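Hi there,

Here is the structure I promised to hand over. Have a look at it first, and my notes follow below.

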Amino acid sequence: MNIINVSNLKKDYGTNKVLQGIEFQANAGEIIGVIGKNGAGKSTFLEILMTLKQYDTGTVTLFDENIKSLSTNKLEQIRKQISAVLQPTQFYKTLKVEELLKLFKSYYKSTVDIQKIMEDFKLEPHRKKYFDKLSGGWKQIVSLAIAFLSEPKLLILDEPTTGLDPHMRNILWSYITEYNKRTGGTVILTTHNMDEIELYCDKVLLINNGVNEFFDTTEEILASGYKSINEFYLMKVSI
């Protein structure tokens, strides 16, 4: 099932041409990494997919709906199928971890078991701690746990492993891959960690100076003679 279809997507900020004709498709069950240097347009691209930012020209279809032509009510229905974690992480400072999870479970009308998600994300020792008192890495883990509470059909993550140590990164990726297999949900993420792209992503979108310079499977990259995704990235993107 096609979840996202993007054609000739363009977005300018004044004279700054951020996106210059992006072509992109995502199917149910895929994990897709979006890579590129800082300022390449990755975050703008994700914000458009989340319906948070308007675009200038082109077509963006989510769940077979052209988002440019949707009513406010229909757009809200689309948004309920999407969950996202962006940078930086901010939540209510005066709430404890367990309280935050319960709050968002209520908001999402979720059937996900709070105890189970705390166990999956190793949050049990932190359940009574105030969010504001957690380390940056654990704040990110809590934010990611909350993102899964709505059981989204589309999960969008902007550099989700930033600030996480290797153990925490493993927790996150274990949950992403398990979620992907269990629900057939689609995951779109940005990262500067090319090892994560190589290990976990089905496809790679390389945005370079606002253009999608490459969009294909990780297998295709490695079959083209590159020793790793990191070598591919360094060869394709200039400083």
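Predicted model: local features only at pLDDT ≥ 70, side-chain atom pairs only at ≥ 80, totals over all residues.

Residues are numbered from 1 along each chain as its sequence is written, and side-chain values use heavy atoms, with hydrogens and water left out.

Buried means under 20% relative accessible area, exposed over 50%, and partly exposed in between, with a 1.4 Å probe and protein chains only.

Asp158 belongs to strand E7 (residues 154-158). Its side chain has a polar contact of 2.5 Å with the side chain of Thr190. For that term, two N or O atoms lie within 3.5 Å; within protein, one must be able to donate a hydrogen and the other to accept it, and residues adjacent in sequence count only if both atoms are side-chain atoms. Helices (H or I, at least four residues) and strands (E, at least two) are DSSP runs, numbered from the N terminus.

Lys42 also turns up in helix H1, among its buried residues, with Thr44, Phe45, Leu46, Ile48 and Leu49. Helix H1 covers residues 42-49, and six of its eight residues are buried. Just after H1, Thr51 has a positive phi of about 65°.

Now to the rings. Phe, Tyr and Trp (its six-membered ring) pair if the ring centres lie within 6.5 Å; planes under 30 degrees apart are stacked, over 60 edge-to-face, and the rest tilted. The count by this rule is 11 aromatic pairs. One of them is Phe121 with Tyr175, tilted, at 4.4 Å centre to centre and 40° between the planes. Phe121 lies in the loop between helix H4 (114-120) and helix H5 (136-149) and Tyr175 in helix H6 (residues 166-183), so this pair ties together parts 54 residues apart in sequence. Phe121 is buried at 0% relative accessibility, and Tyr175 is buried at 9%.

The pair of Trp173 and Tyr200 is stacked, because the ring centres are 4.3 Å apart and the planes at 5°. Trp173 is in helix H6 and Tyr200 in helix H7 (residues 194-200), so parts 27 residues apart in sequence are tied together. Trp173 is buried at 1% relative accessible area, whereas Tyr200 is partly exposed at 26%. Ring pairs also link Phe121, Phe148, Tyr175 and Tyr179 into a cluster.

Finally, the sheet: four strands form an open sheet in the order E2-E1-E4-E5, with antiparallel pairing. Two strands pair if DSSP finds at least two bridges between them. Strand E2 (16-27) and strand E5 (65-66) stand at the edges with a single partner strand each, so one side of each has no neighbour in the sheet. E1 and E2 pair over nine bridges, with Val6 opposite Phe24 in E2. In their hairpin, which has two residues between the strands, Gly14 takes a positive phi near 65°.

Best wishes
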